[in-house]
Amino acid sequence: MSGINYDLTRIRAFAFDVDGVLSPSTIPMSDSGEPMRMVNIKDGYALQLAVKAGYHIAIITGGKTESVRHRYEALGIKDIWLGASHKLEIFRNWLDSRGISPEECVYMGDDVPDLKCMHECGLPCSPADGCHEARAVARYVSRFDGGHGCVRDVIEQVMRARGDWMKDDDAFGW
């Protein structure tokens, strides 16, 4: 049973911010000053399973680190935007290009740059440690912090509601 008050069977797509959602909001810096993000393996498992099941997934981040692109491309995600200083136009264009209505999409964000996209989608979500404004906009606030399973939480609930979680052999491999 899902803890999300939304008809999850309508969801066909997910869009995620990176810093504070797919990675913790505190990130180490390399000696050269480049951000080094941590990732959650369970989030990664859920993302690749959702891709295999035919869900559309977008990564929209203000960060510009190419390692982010490499990580999510390796999981099968094709729609990745780095350096997105204003996310709403990217989000709208992505929905249009994939034939997805806003009501069919989850957007998970944790901070002010995500708010417009969260207002635009059908199911806005926030990690437990999202800023006050993101949690206030969210229809669902995960019990997990960013980078600590919040993405797996929402993907798994949607896929279970739609009967796609562990439905075939794809669930038992990478």
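**Sheet.** I began with strand β1 (residues 13–16) and strand β2 (residues 56–60), which run parallel and are joined by four bridges. Strands here are DSSP runs of E with at least two residues, helices are runs of H or I with at least four, and both are numbered from the N terminus. I noted that A15 of β1 stands opposite A58 in β2.

The model is a predicted one, in which local features need pLDDT of at least 70 and side-chain atom pairs pLDDT 80 or more, while totals for chains, interfaces and linings use all residues. Residues are numbered from 1 along each chain as its sequence is written, and side-chain values use heavy atoms, without hydrogens and water.

I then traced the strand order, which is β3-β2-β1-β4-β5-β6, an open sheet of six strands with parallel pairing. Two strands count as paired if DSSP finds at least two bridges between them. Which strands stand at the edges? They are β3 (79–81) and β6 (140–141); each has a single partner strand, so one side of each lacks a neighbour in the sheet.

I checked burial in β2 and found four of its five residues buried, so the strand is largely enclosed by the rest of the structure. Buried means under 20% relative accessible area, exposed over 50%, and partly exposed in between, with a 1.4 Å probe and protein chains only.

**Helices on the sheet.** I found helix α3 (residues 87–98) lying across β1, β2, β3 and β4 (105–108), at about 160 degrees to β2. Helix α6 packs on the sheet too, touching β1, β4, β5 (123–126) and β6, and its direction makes about 170 degrees with that of β1. Contact means heavy atoms within 4.5 Å. Axes are lines fitted to C-alpha atoms, for helices over the stretch in contact, and angles run from 0 to 180 degrees between N-to-C directions.

**Helix pair.** I looked at α1 (residues 41–52) against α6 (residues 150–161): their axes come within 8 Å and cross at roughly 35 degrees. Residues in this contact include Y45, L47 and L49 of α1 and V151, I155 and M159 of α6.

**Cysteines.** How many disulfides does the structure hold? I found zero, a disulfide being a pair of cysteine sulfur atoms within 2.5 Å. For C117 the nearest cysteine sulfur, that of C121, is 8.2 Å away. The sulfur of C125 is 7.1 Å from its closest, also in C121, too far for a bond. C117 is buried at a relative accessible area of 1%, and C125 is buried at 0%.
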